[in-house]
Amino acid sequence: SPVTTSNMSELKPSGMDDAVIAQLDKIAAQAGVTGVVAVGAQGLCLGARGTGSSKTAGLISMLASDAEALSNGEAPLISVETESQRIVIKRQGDITLAIHKSV
């Protein structure tokens with residue numbers, strides 16, 4: 001089912017860039033996406049939408065860092081799959097994104 005404004009949770013730390021919020025909303029609105037979490041360089045949640053939980057920010061950051069260490073410093077694409085969902089994690093610069101998709 002599509003992600004709508006009515007079922008999105010919005011987390012906006014003080015001073016958070018409106019461009020990050022707009023990007024989270026854009027990703028969350030894509031077909032098949034059920035949630036998204038954005039994590040900053042310090043491992044803190046920048047924002048979450050849909051099924052994405054701010055409580056997972058530290059774990060997402062750790063997974064991205066560990067996978068990067070395994071791949072000689074390159075930022076790999078990480079995929080966690082279950083029977084009902086797929087979570088794709090990718091670090092881009094100072095921001096790591098975890099995108100939840102229905103299977």
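A polar contact is a pair of N or O atoms within 3.5 Å; within protein, one must be able to donate a hydrogen and the other to accept it. I wrote that down before opening this predicted model.

**Entry 1: R91**

I started with R91, which lies in strand β4. Its side chain makes a polar contact of 3.2 Å with the side chain of S65. I also found a polar contact between the side chains of R91 and T96, at 3.0 Å. Then I listed what R91 touches, leaving aside neighbours within four places in sequence: S61, A64, S65, E68, A75 and T96.

**Entry 2: the cores**

Next I looked up the largest nonpolar core, and it has 12 residues. Among them are V37, V39, C45, I60, I78 and I89. Which elements supply at least two residues each? I got β1 (33–39), β2 (45–50), α2 (57–70) and β4 (85–92). The largest share, 4 residues, comes from α2.

Not counting residues up to four places away in sequence, I60 touches V37, V39, I89, T96 and A98. I noted that T96 turns up here and also in my list for R91.

There is a second, separate core too, with 8 residues, including L24, A28, L97 and I99.

**Entry 3: a patch on the surface**

Last, I looked at the outside. L59, M62 and L63 form a nonpolar patch on the surface, with about 250 Å² of accessible area together. M62 sits in helix α2.

Terms used
Residues numbered from 1 in each chain as written. Predicted model: local features only at pLDDT ≥ 70, side-chain atom pairs only at ≥ 80, totals over all residues. Heavy atoms only, no water. Core = buried A, V, L, I, M, F, W, Y, C linked by side-chain atoms within 4.5 Å. Buried < 20%, exposed > 50% of the residue type's maximum accessible area, 1.4 Å probe, protein only. Contact = heavy atoms within 4.5 Å. Patch = residues over 30% accessible without salt bridge, like charges linked within 9 Å, V, L, I, M, F, W, Y side chains within 5 Å. Areas by Shrake-Rupley, 256 points an atom, 1.4 Å probe, with all protein chains shown as cover. Salt bridge = Lys/Arg side-chain N within 4 Å of Asp/Glu carboxyl O.
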